[in-house]
Every structure is written in C-alpha cells, then in structure tokens.
Number of protein chains: 2
Amino acid sequence: MSKLSSAGEKFILHWGEMGTRWGVNRSVAQVHALLYVSPNPLHAEEIADTLSVARSNVSTSLRELQGWGLVRVVHLLGDRRDHFESMHDVWEMFHVILDERKRREIDPTLQMLRSCVTEIQQGEKPDKHMQERMTWMLEFFEGMTSLYAEARRLPPHTLRAWVRGKGKVRRWIDSLLGSD
Amino acid sequence: MSKLSSAGEKFILHWGEMGTRWGVNRSVAQVHALLYVSPNPLHAEEIADTLSVARSNVSTSLRELQGWGLVRVVHLLGDRRDHFESMHDVWEMFHVILDERKRREIDPTLQMLRSCVTEIQQGEKPDKHMQERMTWMLEFFEGMTSLYAEARRLPPHTLRAWVRGKGKVRRWIDSLLGSD
DNA sequence: CTGTTAGTTCAGTTTATACAGAAATAACTG
DNA sequence: CAGTTATTTCTGTATAAACTGAACTAACAG
C-alpha cells in the first residue's frame with residue numbers, strides 16, 4: 001500500500017483533523033488511521049511515503065502510539081525491518097484510549113480537586129462557596145469514574161450487543177430507574 | 001474577587017492545562033474555571049485582572065464560552081457593564097459539552113465515514129478490507145451516538161442519583177445483561 | 001572488517017495558534 | 001452633542017508545538 005485510495009485519503013485526513021481537536025498530534029492520528037485501514041502491517045518507510053512525512057516523524061509517532069497501546073510491532077520472516085499494525089477491534093480501541101486518558105488526565109484531576117477541597121477546609125476562614133463548587137466537581141468526577149469502572153467490568157461483547165439490539169430492554173430499565 | 005485563594009489558583013491553572021489536553025484554548029478554560037468557582041458574576045476587567053491576561057483575550061474567550069452555552073451574560077442594576085456567570089450544575093455542563101462536541105465533531109465524522117463507505121462500494125474494484133474497517137468504525141460511532149441519545153433522554157437527575165447510590169441495582173442489571 | 005540498512009535522537013526551522021495592544025465601534029451620561 | 005466608559009475587532013508579535021533533515025547508533029550481510 002504505497003498509494004492511497006480516495007476514501008483512504010479522506011479517512012486519514014479527517015482522522016488527523018479529529019486528533020488535533022482532541023489534543024492528539026496530527027501525524028500521530030494519521031499514522032494510526034493508516035495502520036487501522038491497512039490490510040497488513042507496514043514498516044516505517046511505507047508509512048512515511050504514503051503520508052508524505054519525514055521518517056523521523058513516523059518514528060516518534062509510532063513510539064507514541066505504542067505508548068498508548070494502540071499499535072504493536074510485528075516481524076516478518078526474511079525482513080529485518082519492524083512492521084506495525086494497529087489494534088483492529090474498535091470497541092477495544094475505545095477502551096484503551098479511555099483507560100489511558102483516565103490515567104493521564106482524570107486521575108490527576110481527582111487528586112487536584114481533593115487537595116483543593118482539603119486545603120480550603122483547613123484554612124482559617126474557609127471559602128464556603130468555593131468549597132461547595134469544588135466538591136460538586138469532585139463528586140462528578142468520582143461518579144463518572146466509578147460508573148466507567150462498572151461499565152469496564154462488563155463482559156467484553158456486552159456493550160456492543162447492547163447497543164445493537166437492546167433498545168427495548170434498555171427503555172424498560174430506564175423507566176424503572178426513572179420512577180425512583 | 002480580585003485576588004485568588006491558593007486553591008482557586010491551583011484549580012484554574014489545572015483547568016487551563018486540562019483544556020489544552022482536550023483541544024480547548026487555555027485562556028478559555030481558565031476563564032470558565034474562574035467563573036465556575038466565582039460566587040457572583042464577573043465583568044471582563046475583573047476577569048482580565050484576576051487571570052493577568054489582556055481584556056481582548058477575555059472578550060474572545062467569553063464569546064467562545066457563550067458559543068458553547070456554558071456562560072451567559074447577566075446585568076446588574078446600576079452597572080452598564082456585562083457580567084458573566086457560568087452554568088453551575090456540573091452534570092448539565094457535561095451534557096452541554098458532550099452535545100456540542102457531538103455536533104461539531106462526531107456528526108461530521110459520521111458523515112465522512114458514510115461517504116467513504118459509499119464511495120468504496122461504488123468503486124469498480126471495491127477494497128473489501130478497507131470497506132470492512134470503515135464499516136466497523138461507522139457502526140461504533142452510530143452505536144455510541146444512539147447510546148448517548150438514550151442516556152440523554154433520562155430524566156435530569158437520574159444519572160447522578162444512579163451513580164451515587166444505585167450500585168446494587170446496577171450490578172443486578174449488569175448480571176441480567178451479561179447472561180444474554 | 002567493511003559496507004549497507006534500519007531505527008533513533010537531536011538541533012534547527014517552520015508553522016499554527018494564542019495573545020497583547022491599538023484602533024475602532026457602540027452605548028451611555030450629563 | 002461632547003466626553004466617558006464598555007466592548008469588539010484587527011494587526012502584529014510571541015510562544016509553543018510539530019516537523020524535517022542530518023547525525024548518530026545499532027544490527028546485520030557479505
């Protein structure tokens with residue numbers, strides 16, 4: 001795959017753009033997109049050629065993607081070059097990304113909020129307004145975190161099955177919970 | 001509120017940093033954080049002074065925040081300056097942000113994926129691999145979108161009540177859905 | 001060994017974005 | 001209507017991040 005189809009190019013460019021909107025480097029997102037649609041693992045030079053970026057850029061992008069756990073190295077017999085392939089299960093990909101962003105961003109935020117609340121409480125003249133607001137925020141993040149932890153514990157294919165066909169059951173549960 | 005407490009400062013700086021990680025301008029996030037913890041609406045100059053940024057910067061940041069629907073103008077009797085206050089319900093804030101990011105980013109992505117899949121199908125020699133991968137991605141986004149739409153329909157306080165106290169019920173539902 | 005290929009690291013450059021300050025506009029006051 | 005205050009818009013500058021190309025390291029092949 002040295003030349004991209006029109007759809008492939010469209011997808012990769014859009015994915016790169018999406019990346020920037022969510023705080024991910026454009027090249028990193030593009031490499032990820034390319035590996036996602038590629039039928040077979042690619043080596044660095046193929047990637048660089050296809051995306052028209054420097055090899056060094058590809059190297060660091062691949063490093064980043066491996067750090068996220070989205071891409072892994074594959075070796076082919078008779079070829080000493082590293083080849084790379086993306087995780088292909090989109091739902092699993094989603095989980096990996098959420099886990100990682102939680103670890104990198106949500107957990108530190110929880111820490112920060114807890115230390116702010118403690119600090120306010122221990123001050124001489126505690127600012128009740130601010131304490132209240134920060135507590136709300138803290139409770140929100142704690143709630144979402146535990147909700148996610150619960151969802152995370154579901155058997156792997158439950159969520160996708162649920163989303164696909166369980167509208168009825170879900171609505172029934174909603175009504176149950178709503179009447180409380 | 002012209003001088004910030006230590007906790008307030010810590011919160012605002014962290015929030016600004018979080019913003020950048022999620023593709024939101026640092027100043028915008030800081031202004032939002034400040035208004036969130038502020039006990040009363042603030043006018044532009046107060047904000048600029050407190051955060052040590054230019055008024056013009058505050059002006060555009062406030063515009064942005066109003067565009068998101070997170071901040072609104074308030075007028076006080078005997079004061080012709082605009083004052084601004086943030087939405088204070090964190091759960092509602094979350095919904096507003098998700099709705100807006102869906103509209104700005106997810107919906108265009110769905111469009112892009114649909115047009116890619118169509119384009120591949122209509123090509124002379126359809127690339128089956130790529131079609132499959134893009135279809136998976138499309139189904140994922142469609143699934144998440146409809147799941148979110150359902151959650152969105154829940155009565156306003158259901159989710160927070162659920163998160164707070166419904167661990168038991170939730171686990172029971174999980175087991176129900178898991179055994180299917 | 002020596003030449004070649006793969007991969008990484010680093011220094012310098014480019015690019016995009018954020019930001020400040022000035023200028024322009026608008027709204028109000030006496 | 002003149003003077004003042006609030007707000008927005010615009011232009012140029014500063015900053016941070018991304019990216020390239022070259023230098024370097026490592027691994028291998030003959």
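Across all chains, the structure holds 13 aromatic pairs. Rings of Phe, Tyr and Trp (its six-membered ring) pair if their centres lie within 6.5 Å; planes under 30 degrees apart are stacked, over 60 edge-to-face, and the rest tilted. B:Phe11 and B:Tyr36 count as tilted because their ring centres are 6.3 Å apart and their planes stand at 35°. B:Phe11 lies in helix H1 (residues 6-21) of chain B and B:Tyr36 in helix H2 (residues 26-37) of chain B, so the pair ties together parts 25 residues apart in sequence. Helices (H or I, at least four residues) and strands (E, at least two) are DSSP runs, numbered from the N terminus.

This is a predicted model: local features need pLDDT of at least 70, side-chain atom pairs count only at pLDDT 80 or more, and totals for chains, interfaces and linings use all residues. Residues are numbered from 1 along each chain as its sequence is written, chains are lettered from A and ligands numbered from 1 in the order written, and side-chain values use heavy atoms, leaving out hydrogens and water.

B:Phe11 has a relative accessible area of 0%. B:Tyr36 has 1%. Buried means under 20% relative accessible area, exposed over 50%, and partly exposed in between (1.4 Å probe, protein chains only).

B:Phe140 and B:Phe141 form an edge-to-face pair, 5.5 Å centre to centre with 75° between the planes. B:Phe140 is buried at 6% relative accessibility, and B:Phe141 is buried at 10%.

Next, a charge over a ring. The charged end of A:Arg101 sits over the ring of B:Trp22, 3.9 Å from its centre. The criterion is NZ of Lys or CZ of Arg within 6 Å of the ring centre and within 35 degrees of the ring normal. A:Arg101 is found in helix H5 (residues 90-122) of chain A. A:Arg101 counts as buried because its relative accessibility is 8%.

Now the DNA. 15 residues surround DNA strand D, the closest being A:Asn25, A:Ser27, A:Ala54, B:Ser59 and B:Asp82. Near means that a heavy atom of the residue lies within 4 Å of the strand. H4(B) gives the most to this surface, with four residues. A polar side-chain atom of A:Ser56 lies 2.9 Å from a base oxygen of DNA strand D. An N or O atom in the side chain of B:Ser59 is 2.9 Å from a phosphate oxygen of DNA strand D.

Technical notes: Polar contact = N/O pair within 3.5 Å; in protein donor to acceptor, adjacent residues only side chain to side chain.
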